[in-house]
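Here are some exercises to work through with the model open beside you. Try each task before you read its solution.

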Amino acid sequence: MEVKKKSLWLGITLILIAVGVIFPIEKTGFLEDLIYTFSTLIIGLLVIIYAISGGNFFKVIGFLLGSILMSMLLWFLVEHGKWGSSIALVWGGIPSGLISGILFLIGNHFLRLKEKKQYKYIKQVLLYFLILLIVSVLFRHGGDWYFDAFES
């Protein structure tokens with residue numbers, strides 16, 4: 001248990017260093033030039049995932065990769081043939097799949113769906129696709145939905 005606490009604090013510390021120290025030092029106008037910030041954030045996130053999941057680390061990483069692929073597939077089916085569909089596939093599919101996977105893992109843990117035997121898999125699949133739908137709609141319409149709904 002002590003290793004998990006140390007790993008969790010190490011991951012949190014790495015993320016805080018990336019946001020509070022490295023990001024202000026890397027002065028750029030482009031998102032792609034923030035190499036050290038994103039590298040430190042990814043390493044911190046992986047350390048936190050390891051601290052939380054322990055022995056199931058590779059299962060969690062595999063699930064997150066599968067979630068990203070599922071999201072990219074759904075974005076491809078929705079955006080197929082439109083202008084900029086490949087851009088939407090990468091810039092919309094990957095982050096929405098990752099966020100949906102993380103939110104599903106958190107929701108599955110707190111709702112304890114894996115412990116309830118009756119309709120266990122149906123509930124899990126419905127929860128995952130509901131989260132993926134909500135996150136994808138938010139990514140599709142961006143942050144302007146709040147302005148359009150309340151400020152216009």
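**Exercise 1. Find the helix that holds F104, and decide whether F104 is buried or exposed.**

Step 1. F104 sits in helix α4; helices here are DSSP runs of H or I with at least four residues, numbered from the N terminus.

Step 2. F104 is buried because its relative accessibility is 6%. Buried means under 20% relative accessible area, exposed means over 50%, and partly exposed lies in between (1.4 Å probe, protein chains only).

Step 3. Leaving out neighbours within four places in sequence, F104 is in contact with F63, Q124, L127, Y128 and I131. Contact means heavy atoms within 4.5 Å.

A word on the model: it is predicted, so local features need pLDDT of at least 70 and side-chain atom pairs pLDDT 80 or more, while totals for chains, interfaces and linings use all residues. Residues are numbered from 1 along each chain as its sequence is written, and side-chain values use heavy atoms, without hydrogens and water.

**Exercise 2. Look along α4: where is its kink, and which helices do its buried residues pack against?**

Step 1. Helix α4 covers residues 85-111, and a kink of about 30° lies at G93, shortly before the proline P95. The bend is the angle between axes fitted to the seven residues ending at a residue and the seven starting there.

Step 2. The buried residues of α4 include G92, G93, S96, G97, S100, G101 and F104.

Step 3. An α-helix has 3.6 residues a turn, so residues three or four places apart point the same way.

Step 4. The buried residues of α4 pack against α3 and α5 (120-141).

Step 5. Just after α4, R112 has a positive phi of about 55°.

**Exercise 3. Describe how α3 and α5 cross.**

Step 1. The two axes come within 11 Å and cross at roughly 55°. Axes are lines fitted to C-alpha atoms, for helices over the stretch in contact, with angles from 0 to 180 degrees between N-to-C directions.

Step 2. This makes α3 oblique to α5, as angles under 35 degrees count as roughly parallel, over 145 as roughly antiparallel, 65 to 115 as roughly perpendicular and the rest as oblique.

Step 3. Among the residues that meet here are F63, M70 and W75 in α3, and Y128, F129 and L132 in α5.

How values were computed:
Helices (H or I, at least four residues) and strands (E, at least two) are DSSP runs, numbered from the N terminus.
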